[in-house]
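Q: Could we go through a few local features of this model together? I have the sequence and structure open.

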Amino acid sequence: SPAEFFAENKNIAGFDNPGKCLYTTVRELVENALDSAEAISELPVIEITIEEIVKSKFNSMIGLVDRERVDEALYDDYETAKAREKRLAKEARAQEIQAKNAALGKKVKEHAVSKSSKGRGEASFYRVTCRDNGRGMPHDDIPNMFGRVLSGTKYGLKQTRGKFGLGAKMALIWSKMSTGLPIEISSSMRGQNYLSFCRLDIDIHRNIPHIHLHEKRDNKDKWHGAEIQVVIEGNWTTYRSKILHYMRQMAVITPYAQFLFKFVLDAPDKNVTIKFARRTDVMPPVPVETKHHPSSVDILLIKRLIAETSKQNLMQFLQHEFVNIGKPLAERLIGEMGPEFSPKMAVKSLTDQQIVRIHQLFRQAKFDDPSGDCLSPAGEYNLRLGIIKELHPDMVATYSGSAQVFEGHPFIVEAGVSVGGKDVKQGLNIFRFANRIPLLFEQGGDVVTRTALKRISWNNYKINQAQDKIGVFVSIVSTKIPFKGTGKEYIGDDISEIASAVKSAIQQCCIQLKSKIVKKIQAREQQERKRNLSKYIPDASNAVYDVLQEMAKSHASKKKRYEEGDADILQKVSDHLITKETLYEKLTQHVEKVDYEMALEYATQTGVREEPREDIYLQSLDGKGNFFDFHSPIFVFRLFL
């Protein structure tokens, strides 16, 4: 059965090891929650909780009584007396070497704590809970939605977040394999006065749900959404950074969502709580389902479309089941297919040979490219806002390319490049997104990584690739992401259309940054010039005053006569109305004036006000009046009526 196949090949769906299983479970639940909220145009509010369950608590949950070990030598973590003596001797030698190094003033490395052999049976268990404010699920559909693999609702051609269409089903299969405990689902849809509760697991061999409890409960709070709770084996220690990195990147690409992440332990002082706040209420449009482009279909897909179509004849089939085929083009195609084809022939009567002929013509004929109207990119505004709120960079630039085509599928590349920021390492920090979800694994072979490392000449844009803190963000959306590898964790570098679009998008961002960096360098040079001028003011004022004094003496002794204006100045020097202090003050004022004028010119060019700036975030108004949004790449102007 499909469930059995994925249970035996769980690495295909990202369930390679306990740590990766925990990460993938969190990812699947969060992405399902986002899809659910966006489907009803609701600003997502998602709470994800990971609770560690110690062995004794897990045993009590499944009704298993703890037993003392009888035969110690039977266990994987058993240590013989000889092995223990050898380990202690090794630790003693290491401590002795450390003491000698410390006495000699050498840098002492912390002694690595010897790993206690953890038995294979001593696994860690976690209760993962995800709660959202999405559309919820119909009461009668819940068992099949979770307990039957490949029963998804994502039919047709459409931009989707999921990679395999398994969602939480794979988490349930892993739960069944590692703990044997069922999954619990609470759900309610808008306007429902009841809440659906379902506890179930899956019959892996028959691929059907095994329902423990399925009932309706009171929904006093009028809540809508879903809460999914599953207990699985995992490893928080090894995948902690990946999970937190995933949540942070998700907050970058969806700044209109609010995430609350919790990790709960028995020891409260080690708990982790991170809130990723919402910074905008502007959501991307919902992706639209579209028809297949003739150049993207294969023979099997044509047969499936013929089997599912409601159209009777070949002419109607071509016009209504494919994009960019109008009536005139359909007539020309049918005429080119051969004498055995006619516009009025029944589409269901096509033979295998005739279907192959249609497929061959589709591959050879010229069609207009599909439009990108069906796609839903994050948008420059959201991408820029997400980068600013999570990384706080010194400067950022974003770019959104126009729709392009790869093998009949439209795609859009968006990019952002930031310089500086907090929690950003020196060098290139690459953030990859496909259909608005982060890609964290197998980065080396990805088209974004290779382009940023090998095809962008950062020095040409006044950016130091080795020393600057550079963030490179690239988001690709399409009706079909050309993933590589079984895990679908990266996009190959061998697709010229995508590689070219990624390079162009990053370069456009770099061009924007270059002008900002050049102006910043000019401002720094102005400051340096002011500092240098100010340094010489005392010497210059002394030298000028000495010259003026000599000139004043010559003028007084009538050895040399000066014009009226100069004579007045020399007389003031003789009368001590002009002193060294006067010259010092005048020179200082002149340097300040020149610096202010240059700074004002710089501020005017860059659009910066004279007063210092402070980052602020305007919360959205609660008013429910009618309004229009006017979109720009860097802001949204909202006009209330």
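Q: Let's start with α2; how many of its residues are buried?
A: Of the 22 residues of α2, 18 are buried, so the helix is largely enclosed by the rest of the structure; buried here means under 20% relative accessible area with a 1.4 Å probe, protein chains only. This is a predicted model, in which local features need pLDDT of at least 70 and side-chain atom pairs pLDDT 80 or more, whereas totals for chains, interfaces and linings use all residues. Residues are numbered from 1 along each chain as its sequence is written, and side-chain values use heavy atoms, leaving out hydrogens and water.

Q: What span does α2 reach from first C-alpha to last?
A: Helix α2, residues 18-39, reaches 32 Å, close to the 32 Å expected at 1.5 Å a residue, where the expected span is 1.5 Å times one less than the number of residues.

Q: And what sits at the start of α2?
A: A side-chain oxygen of Asn 17 comes to within 3.1 Å of the backbone nitrogen of Gly 19, and following the helix is Ser 41, with a positive phi near 55°.

Q: Switching topic, where is Asp 201, and is it buried or exposed?
A: Asp 201 lies in strand β4, residues 194-203, and is buried, with a relative accessible area of 5%.

Q: Which residues does Asp 201 touch?
A: Not counting residues up to four places away in sequence, Asp 201 touches Leu 172, Lys 176, Pro 182, Pro 209, His 210 and His 212, with contact meaning heavy atoms within 4.5 Å.

How values were computed
Helices (H or I, at least four residues) and strands (E, at least two) are DSSP runs, numbered from the N terminus. Buried means under 20% relative accessible area, exposed over 50%, partly exposed in between (1.4 Å probe, protein chains only). A polar contact is a pair of N or O atoms within 3.5 Å; within protein, one must be able to donate a hydrogen and the other to accept it, and residues adjacent in sequence count only if both atoms are side-chain atoms.
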